[in-house]
Amino acid sequence: MAKIIKIGSQNLTPKIANPFKTSRNSSTNPFKYSNFEGNTLQFADVFEGFEPKKTNKLKMIASSVAGSMTKLRSSIAEPIVNFVNRVRGGISNAWDFAKNVNLADYKGLKTISNVMDMAKNSMSKGLNGTAEFLNQDVSVIGKGLSGTVAFLNKDVAVIGKEMSNDISGFGKELSSKWNALISKINHKKISADTPVAELEQMWRNEIALEAGGAA
Amino acid sequence: MNKNVLEIIDALTAHQDNESIRVLEELGTNSPDNEVREYTSRALVRKNVHDSLKVVIINQGKGINDLSPAVAMSTINEILALKDKGEVIKILDDTINMHSDETVKENARSVKSLLALS
């Protein structure tokens, strides 16, 4: 009894007091901290050999894919080959058939050819008729335009005459105004004392100005 | 008529030399404007010298012989208005007696008649 008390007061650690508390230690030996009167169990870590190994998931996926491909090839490769061979044979046969068959022997094809010829002829006739109709229309439009242009020419001639008259009147009025202005400028120079030669030159200038205004 | 031309004609009328008469005859009596011809003819009459009166009496189409009645009548009125009519009567007589054109003679005779009546 005294020994039991001694053990309880001196050697009991919290972990021993609570043996179910998980430890951060990675040891798998559940009896590692079991203390039987200060003695640890003699067998070391008996579960060390059973520690789970880390597996590479990528390797696992690759191996599974490779296996699947092998199975796929064995199950699908054969039908594809057969299918390709069948198609190739079919095309070859169709080509041989098309080369050796005379299309003229088939009534249906002849009918199609006739229909195409008829369509071509009717389209040609239709185009010719449309062209004639367009020619007539263009001729009528041309005549109408010619008449309109002649009418416009007459109008333009009348407007031109009116403008010419207006411009002529404007020119005469401008000339008279200009002459009056020149007269005012030269007003002081003309007198009985002015030499005859100078007076003659002035008169000739006046005549030239009047002739320019009239023209 | 251009006011400037009027003043030029007046200035030439004031001159006494024959050169002014030449200018008036050449530019005035040959003008296409009736007013200029009329004013020039009256100016030549007002000069009252032989050479100026001769221009408006003996020349066909000028002065009293102008195709415009207004010009001719205006020239005749100016002649009738002259204070000294001695020179103009002398020229009229010479024209009536010696001029080759009958129309000019007839016009001179008419003017002389008017002078006699005035």
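1. A search over all chains of the whole structure finds 12 salt bridges, a salt bridge being a side-chain nitrogen of Lys or Arg within 4 Å of a carboxyl oxygen of Asp or Glu. This is a predicted model, in which local features need pLDDT of at least 70 and side-chain atom pairs count only at pLDDT 80 or more, while totals for chains, interfaces and linings use all residues. Residues are numbered from 1 along each chain as its sequence is written, chains are lettered from A in the order in which they are written, and side-chain values use heavy atoms, without hydrogens and water.

2. Chain A has five helices and zero strands; helices (H or I, at least four residues) and strands (E, at least two) are DSSP runs, numbered from the N terminus. Of the 215 residues in chain A, 7% are buried, where buried means under 20% relative accessible area, exposed over 50%, and partly exposed in between (1.4 Å probe, protein chains only).

3. Chain A gives 18 residues and chain B gives 22 residues to the contact between them, contact meaning heavy atoms within 4.5 Å. The area buried between the two chains is about 1,600 Å², with 68% from carbon and sulfur atoms; buried area is the accessible area (1.4 Å probe) that two parts lose on being put together, summed over both. Ile190(A), Val196(A) and Trp203(A) supply 43% of the area that chain A buries against chain B, more than any other three residues.

4. Two salt bridges are counted between chain A and chain B. One salt bridge joins the side chains of Arg204(A) and Glu26(B), at 2.7 Å from N to O. On the side of chain A that touches chain B, helix H4 (107-185) and helix H5 (196-214) of chain A are the elements that give two or more residues. H5(A) gives the most, with nine residues.

5. Within chain B, Glu19(B) forms a salt bridge with Arg22(B), their closest N and O atoms being 2.4 Å apart. Both residues lie in helix H2 (residues 18-28) of chain B, three residues apart, about one turn of the helix. Arg22(B) also meets Glu26(B) in a salt bridge of 2.7 Å, N to O. Glu26(B) is partly exposed, at 34% relative accessible area.

6. Arg42(B) and Glu78(B) meet in a salt bridge of 3.2 Å, N to O. This pair links distant parts of the chain, 36 residues apart: Arg42(B) in helix H3 (residues 34-47) and Glu78(B) in helix H5 (residues 69-80) of chain B. Arg42(B) is partly exposed at 27% relative accessibility, whereas Glu78(B) is buried at 15%.
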